[in-house]
Amino acid sequence: MEINPVKGTHDIIGGEANLYSMIEHTAMQVASCYGYKEIRTPIIEHTPLFLRSVGESSDIVNKEMYTFEDKGGRSITLRPELTAGIMRSIVTNKLYANTDLPLKFFYLGPCFRYERPQAGRYRQFNQFGVESVGNPSFFQDAEVIALGYRVLETIGLGEVRVLINSLGDEESRTAYKEALRKYFSKHIDKMCSDCKRRLEVNPLRILDCKVPEDIEIVKGAPKMTDYLSPASKAYLESVIGILKSIGIETEIDSTLVRGLDYYTGVVFEYHLPKIEGVDNIGALGAGGHYANLLAEVGGPSYEGIGLAFGIERLAYVIKTVHEFDTNFGIDVYLMGMNDSIIEKNFALADMLRGSGFSVESNYEVKSMGSLFKTANRKKAKFAIIVGEDEVAKKEVAVKNLKTQEQTLVKLEDLENVLHSLLNAYYASEYESPKEE
Ligand code: ATP
Ligand code: MG
């Protein structure tokens, strides 16, 4: 009997996995440049961690958590996001005792949310994110937003829009929630059942509703920006100003509230502008400031700011917008037409791989024509043909499979010659990328 994958999960295979790795490595590299260090926390945590941090009014806690009882009767949850676990880890390991604040971490790994699967929305997906904890300053907020933008720029998505808002301080938020409650009470009969619940527990959550009719009603709601205290307003403007000074434009979106309860102050999202043929998959990444989260899970009252990208969404965009070719080739296909040469090629391939070339060779005797077909199928840049003559002269024929040019190369020079041939190959691709 065939066993299907679990709904909302997906296999990431071959070139697609290469694309994921490329995105992940780039993100990690950029975060390292900003002084962030890696942290790896468990996929399972005690359920109360998420109830207390992500919050009981969030969709995540209400509808999306994978929670189960383990054999010891404990309530365990597959992490729906990583920030809560990192705060837990800071407390468990007393990292807050470090005098050198802020603590700056980046992370990468799978998250689990029981959502309705659709474009850009899975039940198991991967996040890359960063957290900076313990040094509240608008510079720190700006640093995290800039880091996220630089990640996108480096993977080729510099055209994104950076949306920003502030949820203000406690006082501004209370006043704003009151205004929202008043406004939505008049419309709630026509709104979805989730919004009815949200009105009771946290009317801010209504602004995040994705039901089209509700979005129309949200458009007429009071704006957070009208309720910000002068200090919160000045803070937001400082973040916007400092980002502008390094060439990063932001747009204030006064309905941006984010779906997690722990955010306070500045919140932001990265969105693609509308592009033909690309589904609207929501935010590529998002984050915000949290003033009380560490204290909420038992640590000192250090403030923090973080962001997270969905790797699936980034990969989707790169594939559709940039038509990224996930079918990577190899550098060299080594061709041998008889058993003794095939055996010699086994050693030659091993040597070339040791020098960093990607190399494959044939293990069965085949005709030259059939081997060339294989080389092309494997998208080899070069074929190396070794015949009896060549063995005698200790040389091989190197053929550029794009130009069909062939060169005889002494075995002892092969490594150096291959390096320069490959450099020339890449240079020619760079000069005329459209010619093929
Ligand atoms: P959305 O509003 O799209 O539901 P969210 O507010 O729930 O997103 P966050 O919790 O802030 O998202 O997660 C950060 C990022 O993780 C999102 O911007 C998105 O790129 C990605 N992400 C969130 N949920 C999913 C999912 N179910 N599948 C794939 N990626 C996701
Ligand atoms: Mg969501």
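View 1. Residues are numbered from 1 along each chain as its sequence is written, while chains are lettered from A and ligands numbered from 1 in the order in which they are written. Because the model is predicted, local features need pLDDT of at least 70 and side-chain atom pairs count only at pLDDT 80 or more, whereas totals for chains, interfaces and linings use all residues, and side-chain values use heavy atoms, with hydrogens and water left out.

View 2. Thr41 is found in the loop between strand 1 (37-38) and strand 2. With a relative accessibility of 13%, Thr41 counts as buried, a word that here stands for under 20% relative accessible area, with exposed for over 50% and partly exposed for values in between (1.4 Å probe, protein chains only). Leaving aside residues up to four places away in sequence, Thr41 touches Arg79, Leu82, Gly85, Ile86 and Ser89, contact meaning heavy atoms within 4.5 Å.

**View 3. Salt bridges around Lys63 and Asp194.** A search of the whole structure finds 22 salt bridges, each a side-chain nitrogen of Lys or Arg within 4 Å of a carboxyl oxygen of Asp or Glu. In one of them, the side chains of Lys63 and Asp194 meet at 2.7 Å, N to O. This pair links distant parts of the chain, with Lys63 in helix 3 (residues 59-64) and Asp194 in helix 7 (residues 193-201), 131 residues apart. Lys63 is partly exposed, its relative accessible area being 38%. A network of salt bridges links Asp59, Lys63, Asp194, Arg197 and Arg198.

View 4. Arg173 forms a salt bridge with Glu170, and the closest N and O atoms are 3.8 Å apart. Arg173 and Glu170 are separated by about one helical turn, because they lie three residues apart in helix 6 (residues 170-185). Arg173 is buried, with a relative accessible area of 9%, whereas Glu170 is exposed, with a relative accessible area of 54%.

**View 5. The packing of helix 1 and helix 5.** Helix 1 (residues 15-33) and helix 5 (residues 138-154) pack with their axes 9 Å apart and at an angle of about 140°. That angle makes helix 1 oblique to helix 5, since angles under 35 degrees count as roughly parallel, over 145 as roughly antiparallel, 65 to 115 as roughly perpendicular and the rest as oblique. Thr26, Ala27, Val30 and Ala31 in helix 1 meet Leu147, Arg150, Val151 and Thr154 in helix 5.

View 6. An open sheet of five strands has the order 13-12-14-15-16 and mixed pairing. Strand 13 (359-361) and strand 16 (406-410) stand at the edges, each with a single partner strand, so that one side of each has no neighbour in the sheet. From one strand to the next, the twist averages 25°. Strand 15 (residues 395-400) and strand 16 run antiparallel and are joined by five bridges, with Thr407 in strand 16 as the bridge partner of Val398. Helix 12 (residues 339-354) lies across strand 12 (332-336), strand 13 and strand 14 (382-386), and runs at about 160° to strand 12. Helix 13 (residues 368-377) lies across strand 12, strand 14 and strand 15, and runs at about 165° to strand 12.

View 7. Leu101 and Pro102 are joined by a cis peptide bond with an omega of about 5°, and Pro102 has its place in the loop between helix 4 (83-92) and strand 5 (103-112). Arg258, although not a glycine, has a positive phi of about 70°; Arg258 is found in the loop between strand 8 (250-252) and strand 9 (266-271) and is buried at 13% relative accessible area. Gln404, in the loop between strand 15 and strand 16, likewise has a positive phi, near 65°, in a residue other than glycine, and Gln404 is partly exposed with a relative accessible area of 44%.

Notes. Helices (H or I, at least four residues) and strands (E, at least two) are DSSP runs, numbered from the N terminus. Axes are lines fitted to C-alpha atoms, for helices over the stretch in contact, and angles run from 0 to 180 degrees between N-to-C directions. Two strands pair if DSSP finds at least two bridges between them.
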